[in-house]
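Please walk through this protein chain from its overall pattern to its local detail, keeping the confidence of the model in view.

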Amino acid sequence: MRLLTVAAGVAVGYVLGTRAGREKYEQIVASTGRLRENPTAGQAVQTVQELFKSPTPPLPAATATVEPSTPAPEPRRRTPAKETAESDFESTL
């Protein structure tokens, strides 16, 4: 499912990119360059990198056990379908 989403995104990006042409490409490159030079964006990138570098604390082990208070109900049994005569079928038309 994830691969399908990525493939769809690539396809849409390709179509929009080819329709937009070189001018739009240059505009996107220029705005990306401005974003890279922005100090706030640089700080955000550093923060995210530090978060990924720091080890995550171990999860606490589960100590409690769950005991069922009442037994689970019996599953319902399916009843066989009632056979329908041809006359019943024709009367519904």
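Read along the sequence, the protein chain follows the pattern α-α-α, with three helices and zero strands, where helices are DSSP runs of H or I of at least four residues and strands are runs of E of at least two, numbered from the N terminus. This is a predicted model, in which local features need pLDDT of at least 70.

The chain averages a pLDDT (the predictor's confidence in each residue, from 0 to 100) of 76, and 75% of the residues score at least 70. Confidence is highest in helix 2, at 88, and lowest in helix 3 (residues 86-92), at a mean of 56. Where pLDDT is low, the predicted coordinates should not be read in detail.

Helix 2 (residues 39-53) has 15 residues and spans 21 Å from its first C-alpha to its last, close to the 21 Å expected at 1.5 Å a residue, the expectation being 1.5 Å times one less than the number of residues. At its start, a side-chain oxygen of N38 comes within 3.0 Å of the backbone nitrogen of T40; side-chain values use heavy atoms, leaving out hydrogens and water.

Technical notes
Residues numbered from 1 in each chain as written. Predicted model: local features only at pLDDT ≥ 70, side-chain atom pairs only at ≥ 80, totals over all residues. Polar contact = N/O pair within 3.5 Å; in protein donor to acceptor, adjacent residues only side chain to side chain.
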